[in-house]
Amino acid sequence: MNFFTDSEKQILINSKNIIVAYSGGADSTLALLSVTENAKLKPKVSALHINHNKSSLSDSWEKHCKDFCKKLDIKFLSKEVEVKEQGQGFEAAARNERRVIFESFSKGSTIILGHHADDQIETILFRIFRGTAIKGLSGMSRVTKYKNVVLVRPLLHLSKKEILQALNKEKVNFIFDQSNEDDKYSRNYIRNQIIPLVRERWGSIDKNVNRMTRIVSDQNFLYEQLLRDKMLVVMDDQNLSIEKLKKYSSFLRSEIIRLWLSDMSFAVPNERQMKEIEKSFFESRQDSNPVIKFNRDDKQNSAVILSKVNNFLIAEKSNE
């Protein structure tokens, strides 16, 4: 039941702490079992259960998780959160709350997530429907650096069916969350209504999407390397020269600015916000001193304030 690659195993060995995001569902249960199978890693493994209080069964789910961890003889952590939708939907709001908790772990920590191949297809389709760019088509990575921690997704090559088969073979109990059947949530609708139809017509979708994400990820890496070379030409002490940026096309400028902000873990502007940046900093009078403040609805990265100082584009964190 070992699903980690050699490089992922090395990450776990070098980690100070290993935290498994454990909801009690099938995916996170298999991820937890996979990590705890290694006796040498077990002393630094903790299971993190986030109680969203979204169901009348939330407390019983937490008890199930606690009892299962006791049986495995691993540390159990429980965090209770209040999900405030604030116009972004429950799924996105809950995801933001989880990210805040992930950020609280110390540097050198690794967090194991139970995302699988079906989740990858769902994510790709969801992003396409929302109008993603190249980077979005690369899907979720098996290993991602996020703030001070490393996120590892060891089950990304397994389908949901394969996960269920593995748990049934070992006769392991897990939680079934009925809210996953509620199609009012966009991701559930994609999972329950769209993917089965696609899979019926194109049975090799799992393999094909997995191949596509690898290819696009490699292409995006190359694209960013070439883009970074252009960015270094206009950069001075982490700031961007507006005069030098003006020598580039508006599209190249926007891509450089997005990469620059992403490297500093700031929110990356969408198309509408990018047009405002273009108008304020590159089409305005030379003596103007525009200031733009923006964030993204998903709040994955910090809100940012862009300003003009000595004809340089400056980015600072916004505390709002």
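The model is predicted, so local features need pLDDT of at least 70, side-chain atom pairs count only at pLDDT 80 or more, and totals for chains, interfaces and linings use all residues. Residues are numbered from 1 along each chain as its sequence is written, and side-chain values use heavy atoms, with hydrogens and water left out.

View 1. Helices here are DSSP runs of H or I with at least four residues, and strands are runs of E with at least two, numbered from the N terminus. The C-alpha trace spans about 70 × 45 × 40 Å along its principal axes. Of the 320 residues, 45% count as buried (under 20% relative accessible area, 1.4 Å probe, protein chains only).

**View 2. Charges across the protein chain.** You'll find 52 positive and 42 negative side chains here, and the centres of the two sets lie 3 Å apart.

**View 3. K308 in strand 10.** That strand covers residues 304–309. K308 counts as buried because its relative accessibility is 12%.

**View 4. What K308 touches.** Leaving out residues up to four places away in sequence, K308 is in contact with I242, F281, R285, Q286, S288, N289 and P290 (contact means heavy atoms within 4.5 Å).

Definitions and conventions:
Buried < 20%, exposed > 50% of the residue type's maximum accessible area, 1.4 Å probe, protein only. Lys, Arg positive; Asp, Glu negative; His and termini not counted. Charge placed at Lys NZ, Arg CZ, Asp CG, Glu CD.
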